[in-house]
Amino acid sequence: MDASEVLQFWQEQIAEAVKAAGRPPGSVRLVPASKTVPPKRLQEFVRAGLRIFGENRIQEAKAKIPLLPASCEWHFIGGLQSNKVRDAVAFFECIHSVDSAGLLEEIEKRAAALGKNQKVLVEVNVAGESNKHGCPPEQAAGLVRLGNGLPHVTVCGLMTVAPFFEDPAQVRPYFHRLAALRDSLEGELGVRLPELSMGMTHDWKVAVEEGSTMIRIGTGLFGMRTP
Ligand SMILES: *Cc1c(COP(=O)(O)O)cnc(C)c1O
């Protein structure tokens, strides 16, 4: 299938799932996870109408971004080290993977230097998996409060990479937990956290049912990744 067929298929699937979940049209954004996908292939998707991409590695993204139209919007979805924050702030519209006070402070410093307001999501490790990034749920309030107190940072919501289950229905409690955490933080802190970045190729429909606003789709759009 060519890029426009693939994209049309996904747009229809998403619109259908959003409707079935009783949510307003357009309330779920597709954030294509474009790691390892060559710029030429991404260009085909841009021609087909995509303009948002989510990258995992700063070095890879820095090489690809200049090869695609400046109208593209880049999201950073991978693990972030503080020595990469300067580039992350320079290149990305939204950083989905902020999970420590140190990262927030570094983002503030770099965003201030660029005169930019950096949108971020706080990544939460909802299942407490030791091999995953993300803060424990009980630290999320502190990070949201800290981030929203920084003049060059806006915390737009929460993100999670949920555990993998053969049967995607089993992941529902984790997505539910992230949405509930967001609701309780909004009440407790009196802030708005409209974005929930959750759901991937395997489990995005469940994520949409549980309130996701950004689904990060890699394999489903671009095919299997060859390492
Ligand atoms: C690769 C990746 C995805 C997409 O995964 P697929 O299963 O290929 O859809 C989503 N989120 C993150 C953080 C990723 O690294």
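**Pockets, ligand and cavity**

Modeller: The ligand takes up the space of the largest pocket. Please keep in mind that this is a predicted model.

Colleague: What volume does the largest pocket have?

Modeller: The largest pocket holds about 460 Å³ of space.

Colleague: Which residues lie nearest its centre?

Modeller: Lys35, Val161, Met200, Arg216 and Arg225 do, out of 27 residues that line the largest pocket.

Colleague: And how does that lining divide by class?

Modeller: The lining of the largest pocket has 11 polar, 10 nonpolar and six charged residues.

Colleague: Turning to the ligand, which residues surround it?

Modeller: The residues around the ligand are Ala33, Lys35, Asn56, Ile77, Val161, Met200, Thr201, Arg216, Ile217, Gly218, Thr219 and Arg225. By class, this shell has five nonpolar, four polar and three charged residues.

Colleague: What does the side chain of threonine 201 do there?

Modeller: An N or O atom in the side chain of threonine 201 is 2.4 Å from an oxygen atom of the ligand.

Colleague: How much of the ligand's accessible area does the protein cover?

Modeller: The ligand has 390 Å² of accessible area on its own, and the protein covers 88% of that.

Colleague: Let us change topic. What is the volume of the second largest pocket?

Modeller: The second largest pocket has a volume of about 300 Å³. It is lined by 16 residues, and Gln11, Ile14, Val28, Arg29 and Leu30 are the closest to its centre.

Colleague: Which element gives the most to that lining?

Modeller: That is α1, which gives five residues to the lining of the second largest pocket. Both α1 (3-20) and β1 (29-32) supply at least two residues each.

Colleague: What about the classes there?

Modeller: The lining of the second largest pocket comprises eight nonpolar, four polar and four charged residues.

Colleague: Finally, how many cavities of 30 Å³ or more does a search of the whole structure find?

Modeller: The search finds one cavity of 30 Å³ or more. About 30 Å³ of space lies in the largest cavity.

Colleague: Which residues line the largest cavity?

Modeller: Its lining is formed by Pro163, Phe164, Phe165, Asp167, Pro168, Val171, His202 and Asp203. Five residues of this lining are nonpolar, two are charged and one is polar.

How values were computed: Residues numbered from 1 in each chain as written. Predicted model: local features only at pLDDT ≥ 70, side-chain atom pairs only at ≥ 80, totals over all residues. Heavy atoms only, no water. 1 Å grid on protein atoms, 1.4 Å probe; cavity = no way out; pocket = protein on both sides within 12 Å on 5 of 7 lines; lining within 4 Å. Points joined across faces, edges and corners; volume = space filled by probe spheres on them. Nonpolar A, V, L, I, M, F, W, Y, C, P; charged D, E, K, R; others polar. Helix = DSSP H or I, 4+ residues; strand = E, 2+ residues; numbered from the N terminus. Near = heavy atom within 4 Å. Polar contact = N/O pair within 3.5 Å; in protein donor to acceptor, adjacent residues only side chain to side chain. Areas by Shrake-Rupley, 256 points an atom, 1.4 Å probe, with all protein chains shown as cover. Sits in = over half its atoms within 2 Å of the grid points.
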